[in-house]
Amino acid sequence: MGAELIGAVAAALGCGDSAVVDVGPGHRRLAVPDRQGGRFTVDVLGDGGGAHRVVHLLPGGGLNVAADYCTARGRSLARFLADHGYLVVGTTPREDALTPDLIGPHCADRGLDAQRADLRRVVAAVESVTGLPYELLGHSAGAALALATAARDGGERLRRVLVLDTTGPYDPETEPELVARASALTDGFRQLLAAGTWTVDPGLKGLFARAAAAPDAPSGVPRPVPGAAQFSNLGLLHYALTRTRELPGAANWIYHRGHSAGEYAFGATPTEDRFVLDHAPLPVWTAAVSRLGSGLQATALLRDLAALWAGRAEVHRIDWSAIRADVVWLNAELGRGDHDLGPRLVSRGGARVDYRVVPGYGHGDVVWSATAERDVWRWLLPGR
C-alpha cells in the first residue's frame with residue numbers, strides 16, 4: 001500500500017504521520033482524535049493504485065474493525081475484499097476506545113447520527129484522495145448505520161449497500177408482538193439514558209475471560225434443567241453463543257437462536273454437558289474478542305436501533321425510500337432471521353434489492369465461519 005495514499009488520507013482526516021500504525025502486510029491504521037479526548041480508528045487495506053472501488057466496513061455494536069472483519073481461521077472478510085480489487089477502509093466507532101474516565105454525559109449523543117457523522121467524514125476524506133466510487137458494508141449495528149447513511153448521505157458515488165445480518169423494522173401487520181417488544185425496549189434504553197447510564201456492557205469479554213481462566217469452574221448461572229447445578233464457565237460461554245435467545249438480556253430476544261450455530265446437550269452433571277460450534281470455531285471467536293477495546297455499546301445507539309425495529313420515527317427514523325443505491329441484504333437464519341419489511345421498503349423506493357437468508361448460520365457466523373467465503377461472502381461481490 002502506497003505511503004502517499006495513507007499520508008493523504010491521514011491529512012484529509014486531520015491526522016499527523018504519528019497517527020499511522022502498521023498493523024500487518026498491506027494494512028495500516030489511523031487514529032483520529034475527537035474533542036472529548038477519545039478517538040476513533042480507521043483501518044485501510046489494499047492497494048489504492050489498483051483498486052476499482054472503495055468498500056467502507058462498519059462493525060457491529062461493541063465490536064471494532066479488527067475483530068469483526070480482520071479475524072478468521074484463513075482469509076478474513078477484509079482480506080477477501082482487498083483480494084478482489086477493493087480498497088478496504090474500516091471505521092471503528094469511538095466507543096471502542098472508551099476508558100472509565102472518558103465515559104460521561106457526552107456519550108448520550110453517541111447514537112446513529114453521531115456514528116453517521118464520523119463515517120461521513122471518513123468517506124469524504126477517502127473520496128477526496130482516491131476519487132473512486134464506494135460501497136458500504138455493515139454487520140449488525142454497522143449494517144443499520146450503512147442503511148441510515150445511504151438514506152441521508154449516499155451521493156452519486158455510492159454504488160451499493162451490503163448488509164450482513166441486521167434487523168430492519170418489524171412488520172406491524174404480521175409481527176405486532178415484536179413491534180410492541182421493540183417499542184418497550186426503546187423506552188427502556190431512553191430510561192437508562194435519563195438515569196445517566198451512558199454505555200452498556202454486553203458481557204462478551206467477561207464470558208471469554210472466565211472460560212479461559214477457569215473453564216470447569218461454576219459460572220454462577222443455573223442450567224435450565226432439573227436440579228441446582230450451574231453451568232461451567234466454558235459451558236455457559238457455549239450456551240450464550242449458541243442459545244443467545246434463551247438467556248436473560250434486554251435484546252437477546254431479537255436472535256432466532258444465537259450468535260453462533262451449534263449444539264448444546266445437557267448431561268447428568270455440568271461436566272457431562274456436550275457442546276460444539278458448527279461454523280465459527282471457538283479459537284476464531286476467542287481471537288475476535290481478544291481484539292476488542294472497551295467492548296462497550298453506547299446506550300444511545302441501542303435506543304436508536306430499538307426505535308428502528310419498532311418503527312418509532314419520533315425517536316429515530318430511516319427514510320427507506322430515499323435509498324437509491326443497490327442493496328444486498330444477507331441475514332442469518334439462526335441470527336436475526338427472516339424479517340423482510342426493511343428490504344421491501346427499500347425496494348418500494350425504487351432501489352434494486354437482493355435479499356437472502358443464509359440457512360444454518362448464526363449472527364457471527366456470517367463473518368467468522370470457516371465456510372463463509374463460500375456461503376456468504378461470494379454474494380457480496382459485484383455481478384452476483
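Helices H7 and H9 (residues 282–290) pack against each other at an angle of about 125°, and their axes lie 10 Å apart. Angles of 65 to 115 degrees count as roughly perpendicular and those over 145 as roughly antiparallel, so H7 is oblique to H9. Please keep in mind that this is a predicted model.

**The H7–H9 pair**
- H7 passes H9 in a left-handed crossing.
- On the H7 side, the residues in contact are Leu 204, Lys 205 and Phe 208.
- Their partners in H9 are Leu 282, Trp 285, Thr 286 and Val 289.
- Sorted by class, this contact has 5 nonpolar, 1 polar and 1 charged residues.

**The largest pocket**
- H7 (204–213) also turns up here: it provides the largest share of the lining of the largest pocket, with 4 residues.
- The space in this pocket comes to about 940 Å³.
- Its lining is made of 46 residues, and those nearest the centre of the pocket are Pro 202, Asn 252, Tyr 255, His 259 and Gln 297.
- Besides H7, the elements that each supply at least two lining residues include H5, H6 (176–194), H8 (233–242) and H10 (299–310).
- The lining divides into 25 nonpolar, 17 polar and 4 charged residues.

**The largest cavity**
- There are 3 cavities of 30 Å³ or more in the structure.
- The largest of these cavities has a volume of about 100 Å³.
- Of the 15 residues that line the largest cavity, Gly 60, Gly 61, Gly 62, Pro 93 and Glu 95 are the closest to its centre.
- Helix H5 (141–153) and strand S13 (297–298) are the elements that give two or more residues to this lining.
- By class, the lining of the largest cavity has 7 nonpolar, 6 polar and 2 charged residues.

**The second largest cavity**
- The second largest cavity has a volume of about 80 Å³.
- Pro 93 lines this cavity, together with Leu 58, Pro 59, Thr 91, Thr 92, Gln 115, Asp 118, Leu 119, Gly 142 and Leu 145.
- Strand S5 (86–92), helix H4 (112–130) and H5 each contribute at least two residues to the lining.
- H4 gives the most, with 3 residues.
- The lining here splits into 5 nonpolar, 4 polar and 1 charged.

- H5 supplies at least two lining residues to the largest pocket, two or more to the largest cavity and at least two to the second largest cavity.

Note on methods:
Residues numbered from 1 in each chain as written. Predicted model: local features only at pLDDT ≥ 70, side-chain atom pairs only at ≥ 80, totals over all residues. Heavy atoms only, no water. 1 Å grid on protein atoms, 1.4 Å probe; cavity = no way out; pocket = protein on both sides within 12 Å on 5 of 7 lines; lining within 4 Å. Points joined across faces, edges and corners; volume = space filled by probe spheres on them. Nonpolar A, V, L, I, M, F, W, Y, C, P; charged D, E, K, R; others polar. Axes fitted to C-alpha atoms, helices over the stretch in contact; angles between N-to-C directions. Parallel < 35°, antiparallel > 145°, perpendicular 65-115°, else oblique. Left-handed = near helix turned anticlockwise from the far one by under 90°. Contact = heavy atoms within 4.5 Å.
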